[in-house]
Amino acid sequence: MRDRVFIIIAGAVVGLLAVILVLQGNPANMGFCIACFIRDISGALGLHRAGVVQYLRPEIIGLVLGSFVTALYVREFKATGGSSPVLRFFLGMLMMAGALIFLGCPLRMVLRLAGGDWNAMVALPGYVLGVWFGTLFLRRGYTLGRSQEQAPVNGYAGPFMAIVLLILLVTAPAFIFFSEEGPGSMSAPLFLTLGAGLLVGILAQRTRLCTMGAIRDLILFKDYHLFLGFVAIFVVAMIGNLFTGQFAPGFAEQPVAHIDHLWNFSGMTVVGLAAVLAGGCPMRQLILTGEGQSDALITVLGMAGGAAFMHNFGLAGSPAGVSPAGQWIVIISLVVLFIIGAANTRLLAAGKNKEKAKAS
Amino acid sequence: MVSSCYITFPTTFFAIRAESVLKNQPYSFKMVPVPRSISSSCGTALRCSCEDISALKNILLQNDLELEGFYRLEESGLKTPVATTLDLDH
């Protein structure tokens with residue numbers, strides 16, 4: 001009962017803060033977008049040179065530090081890692097690739113839906129399909145292997161990087177890129193964005209809010225606990241948008257969006273499948289990074305690398321749509337994800353062993 | 001005050017196996033996310049009545065399942081649930 005109340009409150013706060021952040025300057029329907037914000041950070045550090053999406057987003061810094069401080073306080077901080085780090089890096093890259101085709105992480109998909117962007121309605125079933133593919137692997141024994149306890153310094157790496165980013169943001173040295181136009185130039189004031197990140201970091205650490213877990217648990221066990229948080233984000237953001245005049249229903253000319261339905265759908269299928277295989281949606285990866293899980297940090301770094309890859313090679317979606325090369329990336333991503341899924345699935349491996357035993 | 005018992009697993013795979021192993025057994029149980037007061041990680045647990053937990057544990061072990069831990073959780077309304085680790089000679 002208590003857990004249910006908390007997850008609904010956490011979801012509601014995320015929805016409300018998202019509306020406030022947009023009112024105060026964030027790009028439309030982008031109060032929170034973990035993929036977009038990591039992409040912006042990647043650009044600010046010069047890893048890609050898409051001039052309109054470069055900014056050291058304080059929300060990301062806040063999410064990691066909020067989770068870190070809370071985990072320390074409740075003694076849940078634990079440095080762990082070593083569970084297939086290279087594959088996790090790739091899963092992060094692919095998760096970002098799918099998100100940059102659709103133009104948003106699962107959280108932004110919910111926020112776009114709440115803002116009346118019906119393209120997100122096309123993407124949602126794609127996301128659910130991706131998570132469903134993921135559960136097929138889970139049912140057959142997919143695992144990236146157990147993580148091991150590590151020296152504490154491994155766990156501090158993520159929060160340390162967040163603090164370095166914060167220092168770079170405040171001091172704004174010449175080698176950091178800040179967009180002068182486009183979404184990267186739009187942001188609510190620092191105290192709001194950082195504060196919102198910290199608050200959501202605290203709440204998400206306490207409740208395990210996860211947009212992938214919400215769908216996965218429904219499919220696997222008909223358990224709707226995390227789904228309540230997912231619904232709360234949507235309901236509160238939608239009410240907030242209606243009250244503040246930010247609700248603009250339709251497909252065409254939505255902010256930072258395109259109307260290529262097939263690629264909106266399949267881009268989010270990539271994100272859903274990658275999130276199940278990586279054990280959490282982009283936001284959850286940041287929270288786990290704050291809790292000391294270096295496996296999650298690797299996934300986040302993979303996302304930053306993925307953003308650079310997508311923008312440097314002109315693969316990311318844009319309001320004009322998805323380029324042919326971007327379309328190929330979706331197909332290649334799905335193939336790679338199925339290979340990673342199958343290669344780490346016990347029953348498939350066990351079947352092969354049986355065949356070998358029979359043959360001998 | 002409501003009390004129920006939980007079995008946790010090292011990976012989701014074993015949780016799903018446990019569900020299929022126990023499906024035809026005369027015990028009532030439900031697969032749920034690991035309660036927040038037991039762990040901050042997002043695994044899946046088996047919730048059952050505390051009278052049945054030993055029997056369920058034995059069935060699962062006989063079927064070569066890997067189990068992680070056993071817990072009793074006391075819940076009362078909006079108060080913080082209290083989790084205690086059970087020692088079942090595992």
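Two strands count as paired if DSSP finds at least two bridges between them. Keep that in mind as you click through this model, which is predicted.

**Stop 1**

Select residues 44-48 of chain B. This is strand β3, and it is mostly covered, with four of its five residues buried. Zoom in on B:Ile7 here: its bridge partner in β3(B) is B:Leu46.

Next, bring in residues 29-33 of chain B, strand β2. Five bridges join β2 to β3(B), and these two strands also run antiparallel. Which residue stands opposite B:Leu46 in β3(B)? Click on B:Met31, and you have found it. So B:Leu46 is a handy landmark to keep labelled: it is the partner of B:Ile7 and also faces B:Met31.

While the side chains are showing, remember that in a regular strand they alternate between the two faces of the sheet.

**Stop 1: another strand of chain B**

Select B:Val82, which sits in strand β5, residues 82-85 of chain B.

**Stop 2: a helix in chain A**

Switch to chain A and select residues 106-114, helix α5. Nine of its nine residues are buried, among them A:Pro106, A:Met109 and A:Ala114. Finish at A:Gly116, which follows α5(A) and has a positive phi, near 95 degrees.

Conventions
Residues numbered from 1 in each chain as written. Chains lettered and ligands numbered in written order. Predicted model: local features only at pLDDT ≥ 70, side-chain atom pairs only at ≥ 80, totals over all residues. Buried ≥ 20, exposed ≤ 12 C-beta atoms within 10 Å, placed from the backbone.
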